[in-house]
Amino acid sequence: MDSVTVKAPGKINLILQVGAPGPDGYHDLVTCFHAVDISETITVSHADEFSLSVAGSVSLDEIPLGGDNLAIRAAKALAALSGYQGGAKITIDKQVPVGGGMGGGSADAAGALVALNVLWQTGHDPEQLLAVAAPLGADVPFALLGGSAIGRGRGDHLTPVPSGIFHWVVLPSPVHLSTPQVYATLDALRGDEAVAAPREPSDEFLAAMASGDATALAPLLVNDLAPASLELHADLARTLSQGRDLGALAGMVSGSGPTLVFLAADAGSAQRLALGLEAGGHRALSVISPVRGAHLVEPG
Ligand code: C5P
């Protein structure tokens, strides 16, 4: 086998409840990850050294191409675990907005793990790949799993939950936000106030998810990081109200932002909403969810 290609999805967080930071600086989370149909395509082939090239429809300026890149770190972690001595050429076709809170870098890492496990014939099972994924970043295990899952701890302790089908409009932002900066801004906004432990998802939320009831889900979406993203990027608030005025059931900041997501009643409403937002000068993607985690693309 000369090369292996894998697709790995971006994610949105339907709830993101943030507790206090722990001694390692990571915040205690309860979140609901949800994989959406905007995917990275990761192709790997044999090479003596590790190298990476990235192309795609999104702005690529801020992507590190060296050893700092999460896909390269994932490849090296898998090689170390397996005692594999060679390298790999990794090529990524990026569709997930960069620096937007949708876990594109995490999807690249998850895709590299699945692809290299096949190319190198290292034979690790999904549990072992999850164990390699967790130290790479809080969102990497979910990009392996896909679908819909409650994340606890740093976000990497995952429990899959059933989900019906939902329709969204995703608005990438030309401006990027750094995830550590958004968390630090939240801490600053909270100041000295006591921070409650993040609440478990309500039965109402889980029922709305499972039944695919967008109207019931809309008022239950919550993102504790939103005030911090809005603090750093004030235009987002205006765009959120534009989306609601155009008929979105709900609008929210995705993860640490600044990508915005709007929940639509059905596919037709999502398309109309996307057109309305594009007429207002935004780039808007109409997407369906949930989708599978990192998986092989059959050749041919
Ligand atoms: O793990 P990941 O690299 O995705 O996290 C990026 C940054 O986001 C961390 O360095 C940390 O500043 C912040 N973070 C956090 N608490 C979490 C997840 C991420 O404070 N649970």
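Predicted model: local features only at pLDDT ≥ 70, side-chain atom pairs only at ≥ 80, totals over all residues.

Two elements each give two or more residues to the shell around the ligand: strand 2 (27-47) and helix 5 (179-190). Of these, helix 5 makes the biggest contribution, as it gives the most to that shell, with three residues.

## The shell around the ligand

Who are the ligand's neighbours? Gly25, Tyr26, His27 and Leu29 surround the ligand together with Gly137, Ala138, Arg154, Thr179, Pro180 and Tyr183. Sorted by class, this shell holds five nonpolar, four polar and one charged residues.

## Polar contacts and cover

At His27, a polar side-chain atom lies 2.7 Å from an oxygen atom of the ligand. At Ala138, it is a backbone N or O atom that lies 2.9 Å from a ligand oxygen atom. Arg154 also takes part through its backbone: one of its backbone N or O atoms is 3.0 Å from a nitrogen atom of the ligand.

How much of the ligand does the protein cover? On its own, the ligand has 460 Å² of accessible area, and the protein covers 75% of this.

## The largest pocket

Now step back to the pocket itself. The largest pocket contains about 1,200 Å³ of space. It is lined by 44 residues, and the closest to its centre are Leu70, Ser106, Asp139, Thr179 and Pro180.

Strand 1 (3-21), strand 2, helix 1 (70-82), helix 2 (104-119) and helix 5 each provide at least two of its residues. By class, the lining of the largest pocket has 18 nonpolar, 18 polar and eight charged residues.

## The second largest pocket

There is another pocket to visit. The second largest pocket has a volume of about 340 Å³. Among the 20 residues that line it, Leu171, Pro172, Ser173, Pro174 and Val175 are the closest to its centre.

Which helix gives the most to the lining of this second largest pocket? That is helix 9 (residues 235-245), with three residues. The lining of the second largest pocket divides into 10 nonpolar, eight polar and two charged residues.

Notes: Residues numbered from 1 in each chain as written. Heavy atoms only, no water. Near = heavy atom within 4 Å. Polar contact = N/O pair within 3.5 Å; in protein donor to acceptor, adjacent residues only side chain to side chain. Areas by Shrake-Rupley, 256 points an atom, 1.4 Å probe, with all protein chains shown as cover. Helix = DSSP H or I, 4+ residues; strand = E, 2+ residues; numbered from the N terminus. Nonpolar A, V, L, I, M, F, W, Y, C, P; charged D, E, K, R; others polar. 1 Å grid on protein atoms, 1.4 Å probe; cavity = no way out; pocket = protein on both sides within 12 Å on 5 of 7 lines; lining within 4 Å. Points joined across faces, edges and corners; volume = space filled by probe spheres on them.
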